[in-house]
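Please look over the sequence and the model before reading on.

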Amino acid sequence: RIAYVNGRYLPLSQAQVHIEDRGYQFADGVYEVVPLYRGRLLDEDPHLDRFDYSLRELQIAPPMSRAALKLVLRELVRRNGLSDALLYFQATRGVAPRDHKFPAKTKTAFVATMRRSRPPSAKQIEEGVSVMTTRDIRWERCDIKSLNLLPNLLAKQQATVAGVFEAWLVDDDDNITEGSSTNAWIVTSDGKLVTHDAGAAILNGITRQRVIKLMEGEGLTFEQRAFSREEAMRAREAFLSSSSSFVLPITRIDGKPVGEGKPGPMTRRLREIYVAAAL
Ligand code: PDD
């Protein structure tokens, strides 16, 4: 595997960063994950737009121009020779002696890696996956795709120990915000698609945004609003969305079957049209 590190392409085992990189010491940086599907980058520009947004919100200078970044990503794809993969890249405020305040002058550090994608199995797609709920203990700027992921890791680990696929995060008003690394969706008992509104409480997923566009094209009615854990427990269907899972049916929440405990028709349809549009 080949990585890109601050201007150089190197075998992953030789790729290194400075131990005083602020990403390492403070998680002072942002990242993106872009899917490569059948040799094509999915929604590259929306991912780069979100990357720019995250950088701007944290006042980190862009590591390079968008055109240069696109060239780096293409070169990384070429050198790794994969066609179904996930590209990971991150930018940090750079290297400086450890001090909380922003250093006067630093050069944004940038690294990118790539790995073969591990998409959900046929069984998971056919039968759906289970989720558990747990408290959302994150900060008030979840719209920034920052490297600070400890609450997400704790939630995902809880899910793993519980033997379920994902943890859905519940805020102080008992609403589901999103999953630890996925957006959360339900189809209400009266047939409406609902996902939490974009804002500071969630990461506005690129897959989420694409699903919204597809729904508009299909003439499906949907609402972007908070929904409670209780409403989710009464939902007819549920699913999650992300760059690595696309649209994945959820058939159990906290051990209780969603609807009839099988992937529902709306979820199946959305997955189908999502995959078709990605080809
Ligand atoms: N996670 N919500 C959170 C908290 C996420 O970390 C992610 C993405 C999503 C889905 O966003 P998108 O559709 O743009 O992938 C929602 C990535 C894949 C990760 O951290 O690996």
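Predicted model: local features only at pLDDT ≥ 70, side-chain atom pairs only at ≥ 80, totals over all residues.

Residues are numbered from 1 along each chain as its sequence is written. The domain assignment gives domain 1 (2–116) and domain 2 (122–278). Such bounds come from an automatic or database domain assignment. Helices (H or I, at least four residues) and strands (E, at least two) are DSSP runs, numbered from the N terminus.

**Domains**

- The C-alpha centres of domain 1 and domain 2 are 27 Å apart.
- Domain 1 puts 20 residues into the contact, and domain 2 puts in eleven residues. Two residues are in contact if their C-beta atoms, placed from the backbone, lie within 7 Å.
- On the side of domain 1 that touches domain 2, β3 (29–37), α2 (44–57) and β5 (85–92) each give two or more residues.
- β3 has the largest share of that side, with eight residues.
- By class, that side of domain 1 has eleven nonpolar, five polar and four charged residues. Ala, Val, Leu, Ile, Met, Phe, Trp, Tyr, Cys and Pro count as nonpolar, Asp, Glu, Lys and Arg as charged, and the others, Gly among them, as polar.

**Nonpolar cores**

- The largest nonpolar core has 30 residues, and Val 131, Trp 185, Ile 186, Ala 232, Ala 238, Phe 239 and Ile 250 touch the most other members. A nonpolar core is a set of buried Ala, Val, Leu, Ile, Met, Phe, Trp, Tyr and Cys residues joined through C-beta atoms within 7 Å.
- Elements that give two or more residues to this core include β7 (129–135), α5 (150–161), β10 (183–187) and α8 (265–278).
- β15 supplies the largest share of this core, five residues.
- A second, separate core has 20 residues, among them Ala 3, Tyr 4, Val 30 and Ala 112.
- Ile 250 touches Gly 128, Val 129, Val 131, Ala 238, Phe 239, Leu 240 and Val 258, with residues up to four places away in sequence not counted.

**Ligand shell**

- The shell around the ligand holds 15 residues, of which Leu 203, Gly 205, Ile 206, Thr 207 and Ser 243 come nearest. A residue is near a molecule if its C-beta atom, placed from the backbone, lies within 6 Å of it.
- α6 (206–218) and β14 (237–242) are the elements that give two or more residues to the shell.
- α6 gives the most, with three residues.
- The shell has three nonpolar, ten polar and two charged residues.

**Positive phi**

- Most residues other than glycine have a negative phi.
- Asp 43, not a glycine, has a positive phi of about 55°. Asp 43 is in the loop between β4 (40–41) and α2.
- Asp 43 counts as partly exposed because 17 other C-beta atoms lie within 10 Å. The cut-offs are 20 or more for buried, 12 or fewer for exposed, and partly exposed in between, with C-beta atoms placed from the backbone.
- Phe 246 also has a positive phi of about 55° although it is not a glycine. Phe 246 is in strand β15 (residues 246–253).
- Phe 246 is buried, with 23 other C-beta atoms within 10 Å.

**Asp 171**

- Asp 171 is in the loop between β8 and β9 (175–179).
- Asp 171 is partly exposed, with 17 other C-beta atoms within 10 Å.
- Asp 171 and Ile 137 are 34 residues apart in sequence and 7.7 Å apart in space, C-alpha to C-alpha.
- Leaving aside neighbours within four places in sequence, Asp 171 is in contact with Asp 136, Thr 177 and Ala 201.
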